[in-house]
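Biologist: I'd like to learn how to read aromatic rings and nonpolar cores in a model. Could you walk me through one?

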Amino acid sequence: ETGTSPRLNQMNTNFLPIALPSLFFEWCCEQMSKSILKELQIAAILVPISTQSTVPQVQKSVRRTEDEDSRRFSHRDRVKAFVHYPREIADKSLQKNFNVQPINLESNYEQTFNLLFCPSENVLISSHEKDLINVWNLEDKSKTTLKNLNAQINRITSINLMNENENPLLIVASDDRCIKIWRNFYANECQVASAWQAFPDSFNIKCNFIVNWQQDSSLMAVGYGNIIKIFDIERELPIQDIPTNTLTAITTIADDKMGSKTIFAGFAGGTIKVFDIRTSLKNSSTNTLQEQETSIVNLQVPRIDYKLVSGSQSGEIKVWDIRTSIPQIYQMQSGLMNSQVVHDQTGFIASGFQNQRIKMINLNGEELSTIKHSDGFLGQGNRFINCLGFHPSKPILAVGSGDSCISLYEAGH
């Protein structure tokens, strides 16, 4: 007979330990402590690369390279080039041709509160009443509707893009201080990648909750009390609280986009404060820029120059030299300002007013165009301008108003 003898089996069992060692418990603890976003990145790497999926990845890589090259342009080259567009757009006659007949997108909802272009997917993102988000394909004007699944009746107050040049994620903030990150938002298979409550102690208090994404994996959030809270997205944890040392509410927030850890905050009282998050909490406010007595509508630092552009409700626009804190002042005689946006590549400043007019100037204060948003068929309806949005690399301006229509204005076409 073949086999081992009972004596040999007995000898082998004498050398076996009573309990086998296992690292399964430690492995489970390690996996549960990891961030969800890291697992999504690993899953994306493990997906087999096909011939069809390689082409979009190459196109995104080209867009990312062009975007990096555009940041190294001089001011003159940026105004001439508008990445992906011919140099003739720099002609002043074309710069003033923003008031052509717009392209209208019908959203079927009452108002549009936020507009955001995605450069890598050629889509426009708009947020509407309650928790509705529309993702527009600008090539065929089709749209995909996304519900943010807000608790109770809460409005979306801010939208941002993470990794905008490749595999973008959509960051959505609502007035209940809830932050959600969506992946595949431009397709029908959109899913929540992460969600958390920024200020758990103020869940039932509504306010203008604003978030601002920095590409170094940090997210700034304001909207409750006199604190600017900074989150680490990879760990999904708050890492720093910056006190504003004022009781006035923050209306807008911006960063310098240069990785210098500088934050600019505009307040309802008309003050602008500069914060350095690398310093201690007591000395984080490095400078205070006195604006006007009216609320600050927008703060933005265009990539073409290290200058801060601010706009107030009174219609006054200031272009600040951040190093000297000396502004250039331009007064827009068009009434109260509702919204403002600055083009990163050219420095064009578009401002929307209550009289349904949009004025566009450059950083030197030269008026480039005046758009009469109420013009067109019948010229009636609720054309109250709620928000503006520039395409990051193309001369396209999106306008959201109090009706269900989103208008796109393009220069030189």
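Biologist: Let's start with one side chain: is F24 buried or exposed?

Modeller: Buried means under 20% relative accessible area, exposed over 50%, and partly exposed in between (1.4 Å probe, protein chains only). F24 is exposed, at 56%, while W27 is partly exposed, at 46%. A caution: this is a predicted model, where local features need pLDDT of at least 70, side-chain atom pairs count only at pLDDT 80 or more, and totals for chains, interfaces and linings use all residues. Residues are numbered from 1 along each chain as its sequence is written, and side-chain values use heavy atoms, leaving out hydrogens and water.

Biologist: How many aromatic pairs are there?

Modeller: Rings of Phe, Tyr and Trp (its six-membered ring) pair if their centres lie within 6.5 Å; planes under 30 degrees apart are stacked, over 60 edge-to-face, the rest tilted. That gives four pairs. F24 and W27 make a stacked one, with 6.2 Å between centres and 25° between planes. F199 and F209 are edge-to-face, at 6.1 Å and 85°, and both are buried.

Biologist: Which residues have the most contacts inside the largest nonpolar core?

Modeller: A nonpolar core is a set of buried Ala, Val, Leu, Ile, Met, Phe, Trp, Tyr and Cys residues joined through side-chain atoms within 4.5 Å. The largest one here has 17 residues, and I171, I179, I181, F209, V211 and L219 have the most contacts inside it.
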